[in-house]
Amino acid sequence: MAIREIKCPNCGGYMHFSPDEGNVKCEFCDSVFTADVLENYAEIITEECNDEQEYTFFDDKYVKENATVYTCSSCGGEIITDDVRFASRCPYCDSPVLMTSRVEGVLRPEYIIPFKITKEQAQEAYKNFCRHRPLLPKMFLSENRIDSITGLYAPFWLFDCDCGISARFKATRTHSWSTADFDYTRTDHFCIYRAGDMSFSAVPVDGSSKLDNKFSEAVEPYDISKAVSFNSAYLLGFVADKYDENSEHASKRAFDRVKHSAEAAAYRTVSGYGTVINEHSGVHIRSSKSHYALLPIWLLNTSYKNKIYSFAMNGQTGKIVGELPISVGKGVGLFAGLTALLTVLFSVIGILFL
Amino acid sequence: MKKIYIFTVTALIITVFSLGVFAVDGTAENPSNENTTVAVSELIYDEKLPRVVDNADLLDEDEENELNKMCLDIIKTYGADAVIVTVNGTDYKSAEEYADDYYDYNGYGVGPECDGVLLLVDMESRNWHISTTGSCIYSVGDYGIDALSSNFLPLLSDGDYFECFSTFLNDLPEWVYTEDYSDDNNYYGNDDYEVYPPGYIYPDDTVIRPEPMSRVSKNFVIVLISFFFASLFSALIAFLLSRQMKTTGLKKSSDMYIANGGLHLTDSRDLFLYSNTSMRPRPKPTNTGGGFGSHNSGSGGVSVHTGSSGTSHGGGGGGF
């Protein structure tokens with residue numbers, strides 16, 4: 001960008017050279033800049049990059065194999081299994097309909113992380129999750145069917161990428177001093193520029209629209225180093241799903257997360273200032289590869305009062321996340337009881353000691 | 001089980017609030033028996049109180065007695081109380097608060113408006129303060145404070161305490177004596193307000209003195225405040241518990257998947273743009289008690305404030 005097109009670094013307004021000041025002045029905010037400063041600023045504006053992604057998508061390099069796919073007539077969720085017993089209840093919407101089946105060619109994944117958590121351990125973890133919850137409605141525990149907890153291999157896209165980040169910040173430093181009559185405050189304004197490279201390995205994005213991202217991301221991280229080459233023997237006794245969001249679609253989610261990490265990393269390199277604000281940042285994904293993998297997850301969906309409450313457990317690390325309904329009646333009762341108790345306690349202490 | 005639970009809770013809450021029944025109005029109709037009041041020739045004041053309280057031990061016994069006599073003379077002749085108090089430190093209160101409270105809570109003052117003037121000298125912070133009450137607020141006014149202090153301050157600074165206080169008491173009558181302003185000479189341009197001369201007795205004579213809050217109403221306030229904090233705490237607990245019921249959510253970043261040691265900076269520039277300097281004048285400490293007008297004709301600018309007992313006071317002070 002030629003220096004003539006540069007706008008005021010403070011307010012973005014038009015600037016002109018002022019013969020009185022001997023410097024460049026902004027017409028809107030009256031800030032004054034030297035010519036050298038503006039030249040350096042123009043360099044930064046020219047060099048910084050905007051968001052850009054160069055992905056190559058290899059979806060077609062994957063081999064297709066025949067498998068039996070069951071579809072839920074209630075919610076449209078799909079599972080792949082050879083064991084028809086698993087097809088009696090949909091793991092996504094918890095409805096007890098027998099799923100319809102067909103044989104289809106599905107992509108053979110590159111990697112799989114086998115289950116390390118057993119069904120008993122998963123059920124135990126679920127019981128613990130629901131225990132000691134004063135706000136949980138009593139009927140909820142009796143209504144869920146802990147036996148129908150499903151061991152699901154969820155389809156994920158794993159992204160490796162190298163990216164470049166350039167970030168521009170506005171920063172200030174203040175210095176105060178006083179004389180007998182006045183308090184002075186001097187504020188110095190800076191333009192901070194950081195550019196660098198970062199690499200990411202195996203950023204996971206779930207490829208199933210039926211498995212909500214808020215579960216698949218909440219149970220992260222998976223230890224990808226323990227992933228092995230795919231072998232359909234691992235699927236025996238478990239259920240798998242196939243992707244319905246291709247890697248191009250998934251790459252957008254990966255990009256958002258990568259950009260956030262890169263911006264945060266750049267921000268952390270700025271120090272010694274009072275305030276730092278990000279003005280502009282651009283992430284350029286230079287090379288990336290996507291891998292199709294199946295990752296293990298224990299899933300239990302319980303419907304209660306026409307809403308689905310889900311519980312998910314990382315099948316490799318055991319990390320659990322879930323949603324539970326809140327009983328308003330119990331909440332109010334707890335609040336009233338605790339308030340009454342504490343009022344008595346505080347009053348007694350107050351009357352005795354004050 | 002649940003019903004019993006609700007019942008207990010409701011019963012507890014009702015009990016707590018019914019304690020309010022015992023709250024008693026804070027103002028008393030009669031003064032407590034500790035202060036015996038003596039009516040002497042139509043003036044109501046407490047003769048037994050010492051008018052010179054020399055906690056800082058600046059005066060010897062003879063000097064104290066003489067000053068005390070001068071104070072009582074002022075009361076009998078002019079109908080306004082005069083008190084001199086010296087202390088070594090005012091317990092975290094300002095001099096103004098200490099002087100006002102000392103006057104109010106010890107029962108000084110003449111008549112239903114508790115007219116009078118108190119001079120406080122604090123040797124620890126080297127502050128003096130004059131507190132005026134009742135009709136003396138307006139008769140002395142801010143101008144009077146200045147006039148009185150300009151006479152006794154040099155003596156006070158020099159350490160001539162007896163001379164200082166006698167000068168003060170000699171000058172005082174000129175400032176406390178007031179005429180009856182109830183009709184024509186109304187200062188305030190406000191026909192509703194009447195200034196009674198010091199010591200005036202109301203037809204149905206009720207003396208109002210401040211009294212510390214009764215114990216039961218104090219307890220009620222404690223219960224009320226406890227309830228407030230208890231409900232705040234309970235709300236916090238309930239909120240935290242409800243948040244734990246949902247642990248799902250998208251991840252913002254991919255920090256867990258950073259490879260090769262993180263960000264490798266290739267370019268780093270910190271560019272100074274410009275500088276702004278602002279300045280603010282520093283506030284200067286001011287002396288209180290400045291006012292306009294003489295004590296005879298108008299006191300449009302008398303500063304009045306309310307003490308902790310609820311009684312209004314005028315006055316001013318400074319250092320020495």
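The model is predicted, so local features are reported only at pLDDT of at least 70 and side-chain atom pairs only at pLDDT 80 or more, while totals for chains, interfaces and linings use all residues. Residues are numbered from 1 along each chain as its sequence is written, chains are lettered from A and ligands numbered from 1 in the order in which they are written, and side-chain values use heavy atoms, with hydrogens and water left out.

Of the 354 residues in chain A, 50% are buried; here buried means under 20% relative accessible area, exposed means over 50%, and partly exposed lies in between, with a 1.4 Å probe and protein chains only. Chain A exposes about 16,800 Å², and 54% of this area is supplied by carbon and sulfur atoms. These areas come from the Shrake-Rupley method with a 1.4 Å probe, and for residues only the protein chains shown count as cover. Among the contacts in chain A with a separation of 6 or more, 75% are between residues 24 or more positions apart, a contact being heavy atoms within 4.5 Å.

Charged pairs come next. Side chains of opposite charge can pair when their charged atoms come close. Over all chains, the structure holds 24 salt bridges, each defined as a side-chain nitrogen of Lys or Arg within 4 Å of a carboxyl oxygen of Asp or Glu. One of them joins A:D51 to A:K259, with the closest N and O atoms 2.7 Å apart. Because A:D51 lies in the loop between α1 (35-47) and β4 (52-53) of chain A and A:K259 in helix α5 (residues 247-268), this pair ties together parts that are 208 residues apart in sequence. A:D51 is partly exposed at 38% relative accessibility, whereas A:K259 is buried at 17%.

A salt bridge also connects A:D197 with A:R286, whose closest N and O atoms are 2.4 Å apart. A:D197 belongs to strand β10 (residues 182-206) of chain A and A:R286 to strand β13 (residues 275-304) of chain A, so the bridge ties together parts 89 residues apart in sequence. Both count as partly exposed, A:D197 at 30% relative accessibility and A:R286 at 36%.

In the pair formed by A:E220 and A:R257, the closest N and O atoms are 2.8 Å apart. This pair links distant parts of the chain, with A:E220 in the loop between α4 (213-216) and β11 (228-229) of chain A and A:R257 in helix α5 of chain A, 37 residues apart. A:E220 is buried at 1% relative accessibility, and A:R257 is buried at 0%. Salt bridges that share partners also join A:E43, A:E47, B:D267 and B:R269 into one network.

Attention now turns to chain B. Strands of a sheet pair through backbone hydrogen bonds, either parallel or antiparallel. An open sheet of 6 strands in chain B has the order β3-β4-β5-β6-β9-β8, with mixed pairing; two strands pair if DSSP finds at least two bridges between them. At its edges are β3 (52-54) and β8 (304-306) of chain B, each pairing on one side only. Neighbouring strands of this sheet are turned by 25° against each other on average, direction ignored. Within the sheet, strand β4 (residues 81-87) and strand β5 (residues 116-122) of chain B pair in the parallel sense over 7 bridges, and B:V83 has B:L118 in β5(B) as its bridge partner. Helix α3 (residues 95-105) of chain B lies across β3, β4, β5, β6 (127-133), β8 and β9 (312-319) of chain B, running at about 135° to β5(B). Such axes are lines fitted to C-alpha atoms, for helices over the stretch in contact, and angles run from 0 to 180 degrees between N-to-C directions.

Finally, some backbone details deserve a look. The peptide bond from A:E220 to A:P221 is cis, with omega near 0°. A:N306, in the loop between β13 and β14 (307-314) of chain A, has a positive phi near 65° although this residue is not glycine, and A:N306 is exposed at 80% relative accessibility.

Conventions:
Helix = DSSP H or I, 4+ residues; strand = E, 2+ residues; numbered from the N terminus.
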